[in-house]
Amino acid sequence: MAKPSLVLLPGLLCDRELWRAQTAALGSVASCQVADLTRDDTIGAMAERVLAHAPARFALAALSMGGYVAFEILRRAPERVERLALLATCAAPDSDERARQRRSAMATLEMGRFKGVTGRMLPQLVHAGHVHGAVGEVVQAMAARVGAEAFLRQQQAILRRPDSRSILPSIVMPTVIGVGDDDRLTPPSEAEELHRGIAGAHFHLFARCGHLPPLECPDETTALLRHWLQP
């Protein structure tokens, strides 16, 4: 029997390294590919790029901004998605305050001051226990690779994304929703809204984890996805 195809979507300022542990560990049970979400400035264009490079049918796992792209894929080609995993993401648009913060970050960038993920920002992204050491270093290295121009495109796309709450009841494929208990960007309450909106979805809370479960809790994330992939 052929292995299922698994498409993994990174978040803002993340690249394939976000999913490195999962692609390595799940290679025996799925054909994995990590999408590039750095080249487009709308969620729609990101979704079209993913669909153009994805197999005809696939399981879809997404984190944060990747979740916004996943919702757009479900608008455009729901018949191609066999399973759905949504980590550290939400269906609602930004609050006014969050949108203001994004525009402020973009304005700083346009003045030529892109600093990637600084040490001061890391506690907003990962649990305090992961700020110093390998996880923090990986997060900062990813941001540096993604770079200023892609960051600006991604923020523009996020700001203009549609409200996806209305499509939640139409999601009927096997779905898992995961979030860190210390996620400050998309707190558990937002994941719980997804859980309430998607019938039959499984909810998983990562302990001592911030916004990046695939890096902060790699074995737990892998186990969650492995179970989700089982027919």
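This is a predicted model: local features need pLDDT of at least 70, side-chain atom pairs count only at pLDDT 80 or more; totals for chains, interfaces and linings use all residues.
View 1. Residues are numbered from 1 along each chain as its sequence is written, and side-chain values use heavy atoms, with hydrogens and water left out. Strands (E, at least two residues) and helices (H or I, at least four residues) are DSSP runs, numbered from the N terminus. Strand β3 and strand β4 (residues 81-87) pair in the parallel sense over 6 bridges; two strands pair if DSSP finds at least two bridges between them. With helix α3 (residues 65-76) placed between them in the name, β3, α3 and β4 make a right-handed β-α-β unit. A crossover is right-handed if, with the strands pointing away from the viewer, the path from the first strand over the helix to the second runs clockwise.

**View 2. The side chains of strand β3 point two ways and are buried.** Buried means under 20% relative accessible area, exposed means over 50%, and partly exposed lies in between (1.4 Å probe, protein chains only). In a regular strand the side chains alternate between the two faces of the sheet. Phe 58, Leu 60 and Ala 62 point one way from β3, whereas Ala 59, Ala 61 and Leu 63 point the other way. Because 6 of the 6 residues of β3 (residues 58-63) are buried, the strand is largely enclosed by the rest of the structure.

**View 3. Strand β1 pairs with β3 and with β2.** Strand β1 (residues 5-9) joins β3 in the parallel sense over 4 bridges. Here Leu 6 stands opposite Ala 59, and the bridge partner of Leu 8 is Ala 61. Another 4 bridges join β1 to strand β2 (residues 31-34), also running parallel, with Ser 31 as the bridge partner of Ser 5. Ser 5, Val 7 and Leu 9 point one way from β1, and Leu 6 and Leu 8 the other way. Since 5 of the 5 residues of β1 are buried, this strand is largely enclosed by the rest of the structure. β1, helix α1 (residues 20-26) and β2 make a right-handed β-α-β unit.

**View 4. Helix α2 (residues 43-53) has six named buried positions: Ile 43, Gly 44, Met 46, Ala 47, Val 50 and Leu 51.** They cover an arc of only 160 degrees around the axis, which puts them on the same side of α2; the arc is that of the directions from the helix axis to the C-beta atoms. On the other side of α2, Ala 52 and His 53 are exposed. The buried residues of α2 pack against β1, β3, α3 and α7 (134-159), where contact means heavy atoms within 4.5 Å.

**View 5. Helix α8 (residues 188-197) buries Pro 188, Ala 191 and Leu 194.** These residues cover an arc of only 110 degrees around the axis, so they lie on the same side of α8. The buried residues of α8 pack against α3, β4, β5 (175-180) and β6 (202-206).

**View 6. Thr 186 sits in the loop between β5 and α8.** Thr 186 is buried, with a relative accessible area of 4%. Its side chain reaches the backbone oxygen of Ala 88 at 3.1 Å. Not counting residues up to four places away in sequence, Thr 186 touches Ala 88, Thr 89, Cys 90, Val 179 and His 211.

Conventions
A polar contact is a pair of N or O atoms within 3.5 Å; within protein, one must be able to donate a hydrogen and the other to accept it, and residues adjacent in sequence count only if both atoms are side-chain atoms.
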